[in-house]
Amino acid sequence: MNQAKSIDQALAEAFPKADRLEAPLPERLKLYLGESRELLPELESTYDRLVARIADNIQASNQVPAVGEVLPAFCLTDSEGKLVELAALLDNGPLVISFNRGPWCDYCGLELHSLARSHPEIVAAGGEVVSIVPETAKYARNLQATRRVPFRVLTDMDLGYALSLGLMFWVGQKIMDMYRGFCIDLAQFQGNGAGSCPSLPPSWSATAGSKPASSTPISATACGPRTSWKRCAKPPGAEPFARLCTSQSTRNRRDKSRDG
């Protein structure tokens, strides 16, 4: 108990240390990962094997959408139970879509803080941001509060949308058991016993605008580490749709009820 408490405290100290680092997000993630490797070597080595398996599967299946491909439509609920369609979001301008695990994931927390800092600039450039999580509405609201998220959080129950993009993976029994040691119960958070999470690449930009990508450049880093996104565009006269733009990565049903 004392050892677990000391690890919790050390991780709690590592997060703001990484978050305050005056460096691009990949460097903040790298710093936090280094601290985590020292504190939780068995968990991180298990993660490494999981990441290697995911990378092999992605290469073998070729399911993850490539740069320039059309992003499938979605209709998901936000943290207040309101239906949100991708087409409606794109009617307002370019959109950054960030796939995150939940309020318990510090890697996602670092990414969300980075996007929150960039949010005013993104909005000023005519864009918007949404986060998509597999958590029930209760925990989507918790994510907004604990991570100080200024944009909408959408719920992808049972990871149906992530699965359609080839971005879902089973974490494995060993990691689920380790999570429970830190009071992280995926079945409770997600409302099912699948034990799955959104895989990477977790963040994309999409647009239904007609401006060329080079006219309004935006760049940022995403939950990863070492993942980035930038704005893409559609041909003039096309119907609203989304095209994807993403780079390398190495790591990392609709809501049943409003109250989760």
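Ring pairs join Phe15, Tyr32 and Tyr107 into a cluster in this predicted model. Rings of Phe, Tyr and Trp (its six-membered ring) pair if their centres lie within 6.5 Å; planes under 30 degrees apart are stacked, over 60 edge-to-face, and the rest tilted. By this rule there are six aromatic pairs. Tyr32 and Tyr107 make an edge-to-face pair, with 5.3 Å from centre to centre and 90° between the planes. Tyr32 belongs to helix 2 and Tyr107 to helix 5, so the pair ties together parts that are 75 residues apart in sequence. Helices (H or I, at least four residues) and strands (E, at least two) are DSSP runs, numbered from the N terminus. Tyr32 is buried, at 5% relative accessibility. Tyr107 is also buried, at 7%. Buried means under 20% relative accessible area, exposed over 50%, and partly exposed in between (1.4 Å probe, protein chains only). The charged end of Arg147 sits over the ring of Phe15, 5.0 Å from its centre. For such a placement, NZ of Lys or CZ of Arg must be within 6 Å of the ring centre and within 35 degrees of the ring normal.

Residues are numbered from 1 along each chain as its sequence is written. In this predicted model, local features need pLDDT of at least 70 and side-chain atom pairs count only at pLDDT 80 or more, while totals for chains, interfaces and linings use all residues; side-chain values use heavy atoms, with hydrogens and water left out.

Tyr161 is buried, at 7% relative accessibility. Phe74 is buried too, with a relative accessible area of 6%. Leu86 is twelve residues from Phe74 in sequence, and their C-alpha atoms are 5.5 Å apart. Leaving aside residues up to four places away in sequence, Phe74 touches Val84, Glu85, Leu86, Leu89, Ile97, Ile132, Leu154 and Tyr161. Contact means heavy atoms within 4.5 Å.

The protein has nine helices and twelve strands. Of its 260 residues, 52% count as buried. Its accessible surface comes to about 12,100 Å², and 54% of this belongs to carbon and sulfur atoms. Accessible areas come from the Shrake-Rupley method with a 1.4 Å probe; for residues, only the protein chains shown count as cover.

The largest nonpolar core holds 30 residues, of which Tyr32, Trp104, Leu110, Val171, Tyr179 and Leu186 touch the most other members. Two or more residues each come from helix 1 (2-19), helix 2 (25-39), helix 3 (41-61), helix 5 (106-124), helix 8 (173-181) and helix 9 (186-190). Helix 1 gives the largest share of this core, five residues. A nonpolar core is a set of buried Ala, Val, Leu, Ile, Met, Phe, Trp, Tyr and Cys residues joined through side-chain atoms within 4.5 Å. Val171 touches Leu50, Met176, Leu186, Gly195 and Cys197, not counting residues up to four places away in sequence. Another core, of 18 residues, lies apart from the largest one; Leu90, Leu95, Phe99 and Ala162 are among its members.

Strand 4 (residues 95-99) is mostly covered, with five of its five residues buried. Leu95, Ile97 and Phe99 point one way from strand 4, and Val96 and Ser98 the other way. Strand 4 pairs with strand 5 (residues 128-133) in the parallel sense over five bridges. Two strands pair if DSSP finds at least two bridges between them. Leu95 stands opposite Glu128 in strand 5. Five of the six residues of strand 5 are buried, so this strand is largely enclosed by the rest of the structure.

Backbone angles complete the description. Most residues other than glycine have a negative phi. Arg148, not a glycine, has a positive phi of about 55°. Arg148 lies in the loop between helix 6 (137-146) and strand 6 (152-155), and is exposed at 57% relative accessibility. Leu159 also has a positive phi, near 55°. Leu159 is in the loop between strand 6 and helix 7, and is buried at 3% relative accessibility.
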